[in-house]
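Have the viewer open and follow along.

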Amino acid sequence: MRPVLALREVTKHYPEHPPDQMAVDGISFQVDPATLFALLGPSGCGKTTTLRLIAGLDSPTAGHILLHDEDITTQPPYRRNVSTVFQSYALFPHMTVRENIAFGMHRKRMDGIEKRSRDMIDLLHLNGLEDRRPSQLSGGEKQRVALARSLVLQPDVLLLDEPLAALDPNLRAQVRDELKSLQRRVGIAFVMVTHDKEEALAMADTIALMKGGRLEQAGSPFDVYVRPRTRFAASFLGAVNWIGDVGIRPEAVRVSASRPQVDRTVHLGQVQRTTFLGDRVQLIARMENDAALTVQLARTDCDFEPGQQVHLWWQASDELRLPG
Amino acid sequence: MRNARFWFLAPARLVALCLLAAPLVIVAAYSLLTRGVYGGQSRPLTLESYSRLADLLYFGIALKSLLIALAATLICLVLAFPLALFIARSGRRRNWYLHLVMLPFWTSFLVRTYAWMFLLRDTGLINTILAGVGAIAEPLPLLYNDGAVVLGLVYGYLPFMVLPIYATLERMDTALEEAAADLGARPWVALATVTLPLTRPGMIAGSVLVFIPSLGAYLTPDLLGGGKSTLIGNVIQQQFTSARDWPFGSAISLVLMMLVLAAVTWLLRRQKGEFS
């Protein structure tokens, strides 16, 4: 399958930064058609800069950006067939919803503007809001207008900058699922920037984990979570207990009161405290070598008391062998 | 609680009363009096000052004042938008440029207007240089005409247009222009369809700030227009000085103020209805 978007050794250096500090440092990856690609990383890792380079809002210092095998590195944003949903949505406040949606089509001299607008308004459930101004919309409605305004141009790639960050926390899980199913329905490749690992794990087909302007690891959510290649990747995607060079995730640790019949190394420990988290319980056990081990259990699996002696073990396949 | 509010607001009320309401009442009272034989004013109360305003002469002067103030406002608009845009996009040097815009305020307006006279008069800098390089044989008539008055007004009130437009541009989310480019708008199209319409509140505020003092200006037309360019401001000034007709001067002032007030209220109402 030919990728719809490819970055080759893309580097961005801002002149106001020290010469050795790259915002994006020789990054390469490709995005397959009709997939959801997440750029994940802590703030300042270069993920938003990467998105802006793809959109053409910034130009790279070195490297190439290819859209359908065509080099678009030097193309201005208004020529690229990619579209961005900004974090603030950036809806035009002096235009109605209808005018916002039609803006791009007018600029690109598309035909059938009326019909395309109506289809988008139906797709994103904006019926009845056509004549409102952005100031009269809720956060979720603004986001749907921003999506409609971009998707109606049928871009090769839709870029989303922290699409859930500006939304009410109670709304996020719902919008996450809606965005994912929207992506499936329109069949356009989405490239999404996020700092939230759960968002990336739940939505993406491919996660590209970034750190310090570099690509740390790329792969399916399962792959990156279960087979992280670095300690940073392992820790960023979820909690890890480090025992020497071996990492073990809290939910992979098994606990029992009596000695289990397994041919695995079984560690002895003492329950230090348990924290009730609703659906699950976090248990901290002090091991014989005095190291603390965090364990995560389903609420129904936990009937341990502080001070109790427990046996702890895990599957060899759950061990993350990553020298520190 | 209500009592506390009354006393805390009292100083502001007092200032408004003494400096705004009282002078207005005095002017209104004067406008109803009769001009005294040796200047001054006395009873009986009369509306004569207002009926004299119906004279075609004053209508002509008012119309001319209106046109000159409109011209000054329009020219300020055209000059100020690119200037404000330039300053808003100048990154770190922004504050430096803003100070330059406000620098003229450090000198008296009168002195600056005299400086223009030195530049524009027949033996002034511009004519001397043009004659020196042989570009003209006769000095150009740059001073003492309506053009010079408009020039002086534009020069004097340009900062009042630049600053509100700059403030609107400064507050604008930069992502809006990026979104326009992202949706296919070339830079000029983005400027015309997004930046310019969103600057309207600043333009309207600036226009009000330039138009009102331009309409009532008397110093600039007096010095740069010479005797040939009498505007409504000069007429008012003359009533209070050489003509010694305070009732008539008060009447013109009040009518002018009411007209401007009505126009500005209408403009701001319209503006308010549009963005909400």
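Predicted model: local features only at pLDDT ≥ 70, side-chain atom pairs only at ≥ 80, totals over all residues.

In chain A, strand 3 (residues 36-40) and strand 8 (residues 189-194) run parallel and are joined by five bridges; strands here are DSSP E runs of at least two residues, helices are H or I runs of at least four, both numbered from the N terminus, and two strands pair if DSSP finds at least two bridges between them. Residues count from 1 along each chain as written, chains are lettered from A and ligands numbered from 1 in written order, and side-chain values use heavy atoms, without hydrogens or water.

Zoom out and six strands of chain A make an open, mixed sheet, ordered 6-7-8-3-9-10. Strand 6 (82-85) and strand 10 (214-219) of chain A sit at the edges with a single partner strand each, so one side of each lacks a neighbour in the sheet.

Now for chain B meeting chain A. The contact (heavy atoms within 4.5 Å) takes 22 residues from chain B and 28 residues from chain A. Across it the rule finds one salt bridge, meaning a Lys or Arg side-chain nitrogen within 4 Å of an Asp or Glu carboxyl oxygen. That is B:Glu178 with A:Arg52, whose closest N and O atoms are 2.7 Å apart. On the side of chain B that touches chain A, helix 8 (174-182) and helix 9 (187-198) of chain B each supply at least two residues, and helix 8 of chain B gives the largest share, seven residues.
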